[in-house]
Amino acid sequence: MSRSEAVALGLTEGEYDGIVDRIGREPNQVELAMFSLMWSEHCAYKHSKKLLRTLPVEGPRLVLGPGENAGAVDVGDGWAVAFKVESHNHPSAVEPFQGAATGVGGILRDVFAIGARPIAVLDSLRFGEPTSERSRYLLDHAVAGIGHYGNSVGVANVGGEVYFEAPYEQNCLVNAMCVGLVERERLIRSAAAGVGNKLVLFGASTGRDGIGGASVLASAELGDADADKRPTVQIGDPFEEKKLLECSLELLDRGLLVALQDLGAAGLTSSSSEMASKGEVGLRIDVRQVPLREADMEPFEIMVSESQERMLCVCEPGRVDAVLEVCARWEVGGTVIGEITDTRRMEIFDGDERVGDIPVEALVDDCPLYDLEPAAPAAPLYDAPARTLEATAARDVLLGLLASPNVASRRPLFEQYDSVVGSRTVRRPEQADAAVLAMPNGGAIGISIDGNGRRVACDPYRGAVEAVLECAANLACAGAEPLGLTNCLNFGNPEKPHIAWQLTEAVRGLGDACRALDLPVVGGNVSLYNEGGEGPIYPTPVVGMVGELPDPLHAGRTGFAREGDAIAIAGPFAPALPGSELAKLRGEPLPDGLPETDVAAVRAAQAAIRDAVRGGRLSSAHDVAEGGLLTAVAESCLAGGLGAELELDVADEERVFGEGPGGFVVSAPEAALRELAERIPVTIIGTVRGESIRGPGLHASLDELRAAHGALAALFD
Amino acid sequence: MPHGGDRSVKFGVLQFPGSCDERDALLACAKVADAELLWHGDRDLKGADAIVVPGGFSYGDYLRAGAIARFSPVMESVIEFAHDGGLVLGICNGFQVLCEAGLLPGALLPNVERRFVCRQVDLEVVDAETAFTNRCAPGELLSIPAKHQTGRFYAPDLDPDLVVLRYATGHCFNGSQDEIAGVRNAAGNVFGLMPHPEHAVDPLTGSVDGLSIFSSMAHAGVAV
């Protein structure tokens with residue numbers, strides 16, 4: 001095979017020379033196909049690995065860190081919670097229904113590959129403005145795809161977030177997070193072990209779908225010919241996944257497996273070679289044993305197919321029959337396709353003919369890593385948003401903010417997802433700032449996912465810090481203390497200096513925020529080259545966080561709950577208008593930088609809120625985010641179906657509509673607020689009362705607020 | 001034990017490939033009686049006094065919701081059990097399966113808006129004299145989650161006496177005929193509904209109103 005063929009597969013000429021150097025000859029077609037995927041950005045993290053190594057990965061509750069299919073933290077009494085977020089951006093931009101559906105399927109497999117039963121899915125979506133027909137199409141189909149897959153597999157979809165911004169117009173983002181539950185002693189790793197042990201492929205048969213998904217689709221910018229890439233998008237079958245999930249967990253329950261791994265990007269090539277690399281062994285695979293959908297598939301196609309709903313396991317030879325019996329019980333295909341060797345080489349056979357022979361190390365560990373060449377942009381990277389709000393009266397601004405696509409109720413989306421299956425969902429979407437799930441030991445976990453890309457575009461470092469703080473604030477409002485986080489770094493082309501700068505600064509912010517909160521990063525995913533013809537997306541580090549609370553009966557709520565409660569703004573809240581949702585609606589350009597945050601003070605405020613929620617002293621707690629203080633009050637009104645009488649100077653726009661971390665809208669009897677004020681700043685701003693939000697210069701009925709907040713429903717008519 | 005459950009009654013909860021809510025149904029049944037999962041490939045009902053056909057997407061709901069499950073070995077036994085007067089409850093996909101099996105009147109069509117909807121709904125108890133609602137009061141409202149894409153009940157020639165539950169005003173999102181949420185067979189021993197009472201049996205997860213369906217069955221099971 002030649003250099004030009006390598007370049008067509010997404011490698012550089014230099015990388016091709018490196019391959020020739022490492023294997024001592026020119027690679028054949030099978031080998032080049034395998035290298036082109038394993039050395040792709042998507043699989044090798046070649047532009048991000050050095051940065052990712054700067055993130056903190058240690059913590060007292062950490063059970064599994066980065067490097068396994070999913071990370072995990074200890075939640076007590078022998079139980080661990082596994083979680084990970086992953087992107088499926090480019091497939092979703094090309095074919096939104098299947099792209100989003102298989103994104104859910106992939107992250108579910110990552111979680112059950114370590115032996116955990118998936119119990120929750122959350123999603124993080126980004127589209128262009130809903131005024132664009134293409135964005136509405138992507139939204140509609142991506143949401144339907146997520147629902148179709150998750151609902152059919154029977155995993156509760158308990159939360160998520162969505163933002164609409166012009167820079168995502170051509171390159172939407174679809175990130176999915178899965179949370180699983182596992183007894184610690186049942187966790188299984190993916191390292192292949194035991195020379196002579198058998199490699200069993202089980203699940204769906206292998207077809208030509210998804211060939212080159214990780215390289216030519218996921219690791220390159222989007223462009224005009226994307227419709228031609230639709231065959232690189234995989235097609236999902238949630239029924240097959242459901243059987244595969246139950247089958248995998250039963251195989252583990254019966255103690256039949258040495259190792260387990262899912263097949264994701266780069267299919268059999270990456271799953272098998274990563275198992276070999278982690279186990280420091282070799283593998284011999286006969287592609288002729290692989291059950292195919294199309295009889296005439298070439299060996300290289302079999303090795304790189306990204307057909308969905310497949311798993312690979314290692315078992316002792318004496319247990320093969322028992323493994324295949326479990327597969328048959330679940331009506332899942334299972335076939336021995338190879339065995340473990342001591343050669344530390346990937347030997348690929350087509351029957352008796354050896355069609356590939358590569359050192360595992362060269363394939364998995366030797367991909368060249370690139371240093372980024374970051375440079376802050378000299379001129380603004382993003383156009384000012386379009387001006388869509390002219391109002392200046394506080395009431396009209398509030399209604400405009402509530403109707404803004406980034407603030408409006410997500411009900412039209414989340415009602416398409418089953419949020420209750422599993423009998424664990426203590427707080428469903430819009431009931432609390434974080435989802436709350438009951439745990440088998442009587443405790444509970446809180447889960448949140450967030451990441452406001454526009455704030456990161458204003459200031460990659462502080463925007464990323466804010467994303468971590470925002471998730472932790474959501475957990476605090478539910479009464480949960482963070483245990484760990486996962487992240488998905490969605491950025492543009494890292495070979496461009498200004499994108500490299502965004503990425504470098506954002507990772508620095510993530511790392512600093514994690515260290516300040518003593519939180520480990522348990523794993524995650526990087527999605528680069530998110531650019532269309534009109535430029536890069538907003539830099540979007542999506543943070544998913546899991547925390548614990550001792551008693552689900554005391555999980556917090558967003559909504560006001562009791563007439564006569566005092567309403568207060570609590571915490572070190574220092575709002576500013578630049579970079580806010582209101583500034584966006586008014587078409588103001590993004591500021592060059594965000595105000596500095598006192599992270600220690602924010603952390604202390606989160607702890608105080610958390611303690612007050614856990615103690616049952618607060619009737620409601622809601623963190624101030626997009627739209628600022630008055631929007632947060634209105635959201636608590638709507639969630640609780642109760643009005644508010646406010647004593648606020650609504651002419652002070654910065655105070656009532658400005659944004660920044662550290663602010664919480666809480667309601668409680670005054671005595672409880674006085675107690676909270678002993679720990680953090682608390683200012684009483686009104687009383688829960690009536691059926692409207694009213695104050696000097698402000699009046700809007702709950703019905704008016706609800707109508708504005710329901711703006712997204714029109715997108716799904 | 002809540003709602004006067006009885007350990008001498010045993011529920012059998014079917015499990016098909018693609019079932020999603022079978023463990024939830026098992027938990028709900030276990031609050032009022034003994035309960036055990038029954039595998040789709042086995043004909044043995046293991047001495048169950050009452051059968052629950054749970055929610056989910058049996059066999060992927062390929063072809064048509066419930067159309068394949070109806071032919072499974074376990075369903076052969078359930079059909080026989082029902083013909084002999086045994087209590088059978090079908091929830092969501094289970095309701096679809098029982099309609100496909102001819103044990104209940106009517107059919108379930110795609111929701112009017114053709115989308116999956118997951119929403120807490122209020123159901124009005126139309127008939128509190130059945131084996132499935134004897135622990136409810138006539139006209140009582142039950143708050144129970146509904147979640148489905150194919151739940152529009154359609155039975156043009158339905159005997160109105162067979163209606164057990166109706167969606168409360170403003171709560172019927174799927175377009176069901178006469179806002180019917182649950183129906184029984186003429187003999188009164190088979191009942192199906194689209195909403196999920198097994199997801200309303202614990203105050204922690206939102207409501208306990210679904211428990212009365214299971215306790216009614218346990219009560220009726222003792223009476224039988």
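## Close-up views of a predicted two-chain model

**View 1. A salt bridge joins A:Arg186 and A:Asp253.** Their closest N and O atoms are 2.5 Å apart. The model is predicted. Over all chains, the count comes to 64 salt bridges. Side chains of opposite charge can pair when their charged atoms come close.

**View 2. Chain B meets chain A.** The contact involves 27 residues of chain B and 32 residues of chain A. About 2400 Å² is buried between the two chains. Carbon and sulfur atoms give 54% of that area. On the chain B side, B:Trp39, B:Arg115 and B:Leu204 lose the most area to chain A. Together these three account for 26% of what that side buries.

**View 3. A:Asp418 pairs with B:Lys147 in a salt bridge.** The closest N and O atoms of A:Asp418 and B:Lys147 are 2.6 Å apart. Across the interface of chain B and chain A there are four salt bridges.

**View 4. Helix α7 packs on helix α8 in chain A.** Helix α7 spans residues 96-112 and helix α8 residues 133-153. Their axes lie 7 Å apart, at an angle of about 35°. The crossing of α7(A) and α8(A) is right-handed. From α7(A), the contact residues include A:Phe97, A:Ala100, A:Ala101, A:Val104 and A:Leu108. Those from α8(A) include A:Leu138, A:His141, A:Ala142, A:Gly145 and A:Tyr149. By class, the contact of α7(A) with α8(A) has 13 nonpolar residues, five polar and one charged.

**View 5. Helix α18 crosses helix α19 in chain A.** Helix α18 covers residues 460-478 and helix α19 residues 497-516. The two axes come within 7 Å and cross at roughly 40°. That angle makes α18(A) oblique to α19(A). Their crossing is right-handed. On α18(A), the contact is made by A:Pro460, A:Tyr461, A:Ala464, A:Val465 and A:Val468. Among their partners on α19(A) are A:Trp501, A:Glu505, A:Arg508, A:Leu510 and A:Asp512. The contact of α18(A) with α19(A) divides into nine nonpolar, two polar and three charged residues.

Technical notes: Residues are numbered from 1 along each chain as its sequence is written. Chains are lettered from A and ligands numbered from 1 in the order in which they are written. This is a predicted model: local features need pLDDT of at least 70, side-chain atom pairs count only at pLDDT 80 or more; totals for chains, interfaces and linings use all residues. Side-chain values use heavy atoms; hydrogens and water are left out. Axes are lines fitted to C-alpha atoms, for helices over the stretch in contact, and angles run from 0 to 180 degrees between N-to-C directions. Helices (H or I, at least four residues) and strands (E, at least two) are DSSP runs, numbered from the N terminus. Angles under 35 degrees count as roughly parallel, over 145 as roughly antiparallel, 65 to 115 as roughly perpendicular and the rest as oblique. A crossing is left-handed if the near helix is turned anticlockwise from the far one by less than a right angle, and right-handed if clockwise. Contact means heavy atoms within 4.5 Å. Ala, Val, Leu, Ile, Met, Phe, Trp, Tyr, Cys and Pro count as nonpolar, Asp, Glu, Lys and Arg as charged, and the others, Gly among them, as polar. Buried area is the accessible area (1.4 Å probe) that two parts lose on being put together, summed over both. A salt bridge is a side-chain nitrogen of Lys or Arg within 4 Å of a carboxyl oxygen of Asp or Glu.
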